[in-house]
Amino acid sequence: MAISTCFSSICHPCSPANRAAFQLHPQPAASIFSKKVYYRSSSFGSRVHRNVDTPNRDVSNCSTRGIVATLATDRSTTPLPDRAEESIGKLKVNGEASSAGREESLVERENGAAKSYTTKYYGATEVTKSLPMGLSKGREYERLSVKDYLDRAVDFIRPDGGPPRWFCPLECGSPPKDAPLLLFLPGMDGTGLGLVLHHQTLAELFEVRCLHVPIMDRTPFEGLVKYVEQTIKLQHKVSPMKPIYLVGDSLGGCLALAVAARNPTIDLVLVLSNPATSFNKSQLQPILPLLEVMPAEFYMTVPYLLSFIMGDPIRMAMANVNDELSPFEAAQELSKNLEALLPKLATLSDIVPKETLLWKLKMLRSAALYANSRLHAVKAEILLLASGKDRMLPSGEEARRLLKVLPNCRVRYFKDSGHTLLLEDNVNLATLIKSTNLYRRSNKHDYVLDFVAPTPEEFKEVYDRQNGWYHLATSPVMFSTLHDGKIVRGLTGIPQDGPVLFVGYHMLMGLELIPLVGEIIRERNILVRGIAHPALFGKRSEEGLQEPNSIDSVKLFGAVPVSGKNFFKLLSTRSFALLYPGGAREALHRKGEQYRLFWPERSEFVRMAARFGATIIPFAAVGEDDIAELLLDYDDMIKIPYIRDWIEQLNRDVPNVRKKE
């Protein structure tokens, strides 16, 4: 174990630039090799194994910072049975079996570089997770818009007389290893193309399949429920330990709720975008009798009316406008997109002809009644996406109602979005799933093994677009110390290989965390995962209509609730972890307590770091505690009756990490 020191500085408008330094001693780490790479893909009712040989290499007693790995070699090239990974290797920590479960190491050789994998077994549960040290190497995505949806829908609306069916979008490619299944249930259009803006990003996490209901199909709502139910039952039989994700848009939201209510024992995760459970309050109700008597020659005007009811064309046209353009260039690009989009709206009359629209509106009514009558039976985990400017349904009001009725529901509210939320520019479904800790590969969420590193685009969104002003205002300056003791500007001294534990002083409100984590990613492409207070992950943080917020960003970048188990897993997977021993008490310090530590007398993190041979990097920031003077602190506020009652209620609901305090 190496112990180093590090410091950073944060400048503020009221003081000159501060200077401090990271001091650390990098250490090399050994790689762990095995004989094969194992990929697994699944389809309904079958499992396919593909084996790729790597050069035979005998490895035993490879040490990496106190971790001793003893691997059994297997030179055979025959396909593996379902649990043949068990014979590949057994990882021991300091010569003893890990208390967190058996661990096995595999390696994938890609472009000559070795990438380590750790497989952990918890009883019958098998989870394999790569060990991300930096940002995910996401592929370049083609920027799509509603125009692409309309263009592709034309090919899907050709009547073939067939029943509803599933399709896999071509741009999704082969699913990742051990990826859970995601089923998209469309809205009134029935094309199944409602996720066209998200196919490429979701393909990094899921095996994506979309439901297509032909325009002339007249399968009743209960028939669609049984069809989807048959699919999830078959998939559950093939992979009983994996969750199945149902993404329901509008009418598809009612369908997802109905399926979940009928199958409470199957592990389902629902993502509902403006579900049509409030159709009895919809503005489309008066349209139904008018459509029945409307002459065919006037129906051509209905799609234009519906397009403005269902969404904001300007927000839809913004979906593929590059954020890095200047305002003038962005306005030009938006103008071109609108010019190309508006004529395409005429195709809506082909996508949803009059007879089909009448059928779907009647189905919406029965779907809402069916789903609402069974909400009490829904046990699934739910992420509800609600729009504030939905002109078709009162989605905001409905979100409040469902939040009270559904026990495992959380809401993300988009106050400026319309009904077709998934076709607008400000929504990234993959990011929402990751930032709400909804993504998992087994029947129980694991904060360490289920983590998927943020993509460069997600980093840019959080640190440049959302917090760029903060970086500009604080002007952080970073220093580090090389192995020979030389202090240099920048973060060159940070070790490239883990495990590494950053231990620091939690300054006022913990504002140093944003520039610290951001600069380490920007300069070294190393992701530091914070060990955070459990209150950030509790039910209280999900009360009401929550807009995407900074807590979501903290989760997106890998924060885990503080516990010995999570700390053990981070170090055992050679991660870069960040710990504030002083906790919330230190971040919410009182008058006269600037730069004062509130660390516990027994620093158990040292014992854990020594067990894994981790490099400990103490760090601090200079300048943050000097930004403002405290007018009222805890001692003052606790004397005010109304505020005292509020603080006491808040403390009762928040878990206390240190019960003695």
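Colleague: Are Tyr463 and Phe557 buried or exposed?

Modeller: In this predicted model, Tyr463 is buried and Phe557 is buried as well. The term requires a relative accessible area under 20%.

Colleague: How many aromatic pairs does the structure hold, and why is the one formed by Phe221 and Tyr370 called edge-to-face?

Modeller: There are 13 aromatic pairs. For Phe221 and Tyr370, the ring centres are 5.5 Å apart and the planes make an angle of 70 degrees. The distance lies within the 6.5 Å limit and the angle is over 60 degrees, so the rings pair and count as edge-to-face.

Colleague: What makes this a link between distant parts of the chain?

Modeller: Phe221 belongs to helix α3 (residues 221–238) and Tyr370 to helix α10 (residues 354–372), with the two residues 149 apart.

Colleague: How do you know whether Phe221 is buried or exposed, and Tyr370 likewise?

Modeller: Phe221 has 5% relative accessibility and Tyr370 has 9%. Buried means under 20%, and therefore Phe221 and Tyr370 are buried.

Colleague: Why is the pair of Tyr463 and Phe557 called edge-to-face?

Modeller: Their centres lie 5.4 Å apart, with 80 degrees between the planes. An angle over 60 degrees counts as edge-to-face, and the pair therefore takes that name. Tyr463 sits in helix α13 (residues 456–466), while Phe557 is in the loop between α16 (550–556) and β23 (560–561), 94 residues apart.

Colleague: How do you know that Arg374 lies over the face of Tyr370?

Modeller: Arg374 is 3.7 Å from the ring centre of Tyr370, where the limit is within 6 Å, together with a limit on direction. Arg529 lies over the face of Phe451 in a like manner, at 4.0 Å from the ring centre.

Colleague: What makes Arg262 and Glu229 a salt bridge?

Modeller: The closest N and O atoms of Arg262 and Glu229 are 3.0 Å apart. This is within the 4 Å cut-off, and the contact therefore counts as a salt bridge. Arg262 lies in helix α4 (residues 251–262) and Glu229 in helix α3, 33 residues apart.

Colleague: Which terms describe the accessibility of Arg262 and of Glu229?

Modeller: Arg262, at 33%, counts as partly exposed, since that term covers values between 20% and 50%. Glu229 has 9% and is buried.

Colleague: How do you know that Glu458 and Lys434 form a salt bridge?

Modeller: Their closest N and O atoms are 2.9 Å apart, against a limit of 4 Å. The pair joins helix α13, which holds Glu458, to helix α12 (residues 429–435), which holds Lys434, across 24 residues. Glu458, at 7%, is buried, and Lys434, at 10%, is buried too.

Colleague: How many salt bridges are found in the whole structure, and which residues are linked in a network?

Modeller: The search finds 20 salt bridges. Asp267, Glu381, Arg410 and Arg440 are linked in a network of them.

Colleague: What makes helix α17 mostly covered?

Modeller: Of the nine residues in α17 (residues 564–572), seven are buried. Among them are Phe567, Phe568, Leu570 and Leu571, and also Lys569. Arg574, which follows α17, has a positive phi near 60 degrees.

Colleague: What percentage of the residues in the protein is buried?

Modeller: Buried residues account for 53% of the 661 residues.

Methods: Residues numbered from 1 in each chain as written. Predicted model: local features only at pLDDT ≥ 70, side-chain atom pairs only at ≥ 80, totals over all residues. Heavy atoms only, no water. Phe/Tyr/Trp six-rings, centres within 6.5 Å; stacked < 30°, edge-to-face > 60°. Helix = DSSP H or I, 4+ residues; strand = E, 2+ residues; numbered from the N terminus. Buried < 20%, exposed > 50% of the residue type's maximum accessible area, 1.4 Å probe, protein only. Lys NZ or Arg CZ within 6 Å of the ring centre and 35° of its normal. Salt bridge = Lys/Arg side-chain N within 4 Å of Asp/Glu carboxyl O.
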